[in-house]
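Work through the exercises below with the sequence and the coordinates open. Each task is followed by a solution in steps.

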Amino acid sequence: MVLSRIAKNGLRRSGSTFNKHSHQKNPYPQGASTYKSFIQSFNPATTNAYVLNLPHIQRVNPMTFWSRGISTTPQRQFPSAERVVEESDLECDEPSFWPGLEATKPGEKPRVVVLGTGWASCRFLKGLDTKVYDVVCISPRNHMVFTPLLASTCVGTLEFRSVAEPISMIQTALAKDPNSYFYLASCTGVDTNKHEVFCETVNHGELPHEPYQFRVAYDKLVIAVGAEPLTFGIKGVKEHAFFLREVNHAQEIRKKLLLNLMLSEKPGISDEEKKRLLHCVVIGGGPTGVEFSGELSDFIIRDVRDRYAHIKDDIKVTLIEANEILSSFDFGLQTYATKHLTKCGVRLMRGVVKEVLHDKIVLSDGTDVPYGLLVWSTGVGPSEFVKSLDLPKAPGGRIGVDGWMRVPSVEDVFAVGDCAGFLEQTGKPVLPALAQVAEREGKYLVELFDRIGKQNGGKAWSAKDMSLGDPFVYKHLGSMATVGRYKALVDLRQSKDARGISLAGFLSWFIWRSAYLTRVISWRNRFYVAVNWATTLVFGRDNSRIG
């Protein structure tokens, strides 16, 4: 008994080593078996030596064991062990997967697990009937980002909190209902046979175990994890460029921009280095790149020239695009945007980026473009998580779905938003990665789940032959983009080649602001946005660098 307790203490002390290597070898252990450890040469005189001298631990073949109902895979043994430690004596405090949520029991509400907090998932969460379903949301961020206004936060037109909506305010059941939860974690895998998702919380050292992994069982799964910026495999992009997809991206851009403005005023700095620091380069002529360029030029004209008079003539903005800017807009609107941006001091360049270095961009024709701030906005593509899933794929690598946003070949799995696309056999095109597409898909899925709930099909495996009504049909409502200096573009055509209303100028800018003010989710954030706009109009933008 004494010997078994000594061995047990050794296992406890080396728990983090067990967990680390079991995670590397088998991140999703299946099942469990009775664990037995064989002790080979125990000497009481060397007990303290083996407990403290961890580098002498040797690797052995994995064995699965059962500890408190959790399966894990230890991969270490101690040379100074001699006898069998019985299962009743063994307690391991660090399994590969910590307790999560088990499958729902009869009489409980069906559980809907939602991955992500983007446009599609938040629209779905907002409308889901929590009297019928329990809901669990899993995401590495606890808020939704109102992306159409994100560029405005980079230069201080809006405050960051104005474009961030806490997920617990979008769906209050996540904070109040006893069986509904929000987990700050990333999904690392899905077991469609067992109806489980595997999650990992990166806790930055705040929890005693890292990575902290757990499972969540689902009755219905909605995958809405969004997409990632496309880099096309160009060397240096991820290391040196800023993306503009999240609030923290906008915060980093703002800090870098203001830092460069202040550094350029240091005594003794060369003219060449000053021009490099003050050169802001935007890659990509889509709506995000154009709107950021417009906001940046407006910031320079209205604020930089008043508050940084020593360098007002040195700060420049360059927009690099391989083709035409705003290619999805009407040709007349493209021409208007080109002329307006040029008038506001934005230099437009045609080119393809070959490589990104820490202080310059190398184009395919050999041209070097020095920069102090580089913002990359060339579209989005499927994330590594989406690529790793063993699910049908649509053209472009998205998760393939049918007309009802279901993932074929698996039960009870749905996908919406930028991570989902129609399969070729549906005869429908893959929709663009737009906020309005994701929002409409989320709204449609709410109606679909209402029909499933009314037919008692919410539980796992119970909606296989159920009537789901009409499939999803997308109708484009138009596109809008601001180009700075109280000017914007409004294109209300159904497609690029269709006929419809196209506007540009101050009236379009007023329509753009009014439309997005009404689309902000909560009245609280609408108030924030309106106050921020009024404050900027009267007092200008704040140029404090915090953090």
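**Exercise 1. Decide whether Val401 is buried or exposed, and find what surrounds this residue.**

Step 1. Val401 has a relative accessible area of 1%, so Val401 is buried (buried means under 20% relative accessible area, exposed over 50%, partly exposed in between, with a 1.4 Å probe and protein chains only). The model is predicted: local features need pLDDT of at least 70, side-chain atom pairs count only at pLDDT 80 or more, and totals for chains, interfaces and linings use all residues. Residues are numbered from 1 along each chain as its sequence is written, and side-chain values use heavy atoms, with hydrogens and water left out.

Step 2. Val401 lies in strand β24 (helices, H or I of at least four residues, and strands, E of at least two, are DSSP runs numbered from the N terminus).

Step 3. Leaving out residues up to four places away in sequence, Val401 touches Arg406, Val407, Pro408, Ala415, Ala420, Gly421, Phe422, Leu423 and Thr426 (contact means heavy atoms within 4.5 Å).

Step 4. From Val401 to Gln425 the separation is 24 residues in sequence and 10.0 Å in space, C-alpha to C-alpha.

**Exercise 2. Characterise Ser409 and Asn456, two residues with positive phi that are not glycines.**

Step 1. The phi of Ser409 is about 75°. Ser409 sits in the loop between β24 (399–401) and β25 (413–415), and counts as exposed because its relative accessibility is 71%.

Step 2. The phi of Asn456 is about 55°. Asn456 belongs to the loop between α14 and β27 (479–484), and its relative accessible area of 66% makes Asn456 exposed.

**Exercise 3. Check the length of helix α12 (residues 331–343) and find which residues are buried.**

Step 1. At 1.5 Å a residue, the 13 residues of α12 should span 18 Å, and the end C-alpha atoms are 19 Å apart, which agrees (the expected span is 1.5 Å times one less than the number of residues).

Step 2. Leu333, Gln334, Ala337, His340 and Leu341 are the buried residues of α12. Seen down the axis, they fall within an arc of 135°, so they line one face of α12 (the arc is that of the directions from the helix axis to the C-beta atoms).

Step 3. Phe331, Lys339 and Lys343 are exposed on the other side of α12.

Step 4. The cover over the buried residues of α12 includes α11 (287–307), β17 (316–321), β18 (346–350), β27, β28 (487–491) and β29 (502–505).

**Exercise 4. Describe how α4 (residues 119–127) and α14 pack.**

Step 1. Two packed helices are described by the angle between their axes and the distance between the axes.

Step 2. The axes of α4 and α14 come within 7 Å and cross at roughly 35° (axes are lines fitted to C-alpha atoms, for helices over the stretch in contact, and angles run from 0 to 180 degrees between N-to-C directions).

Step 3. On the α4 side the residues in contact are Trp119, Ala120, Arg123, Phe124 and Gly127. Their partners in α14 include Ala435, Ala438, Gly442, Leu445 and Phe449.

**Exercise 5. Find which residues touch the most other members of the largest nonpolar core.**

Step 1. A nonpolar core is a set of buried Ala, Val, Leu, Ile, Met, Phe, Trp, Tyr and Cys residues joined through side-chain atoms within 4.5 Å.

Step 2. The largest core has 114 residues, and Leu149, Ile223 and Phe292 touch the most other members. Helix α14 (residues 435–454) gives the largest share of this core, eight residues.
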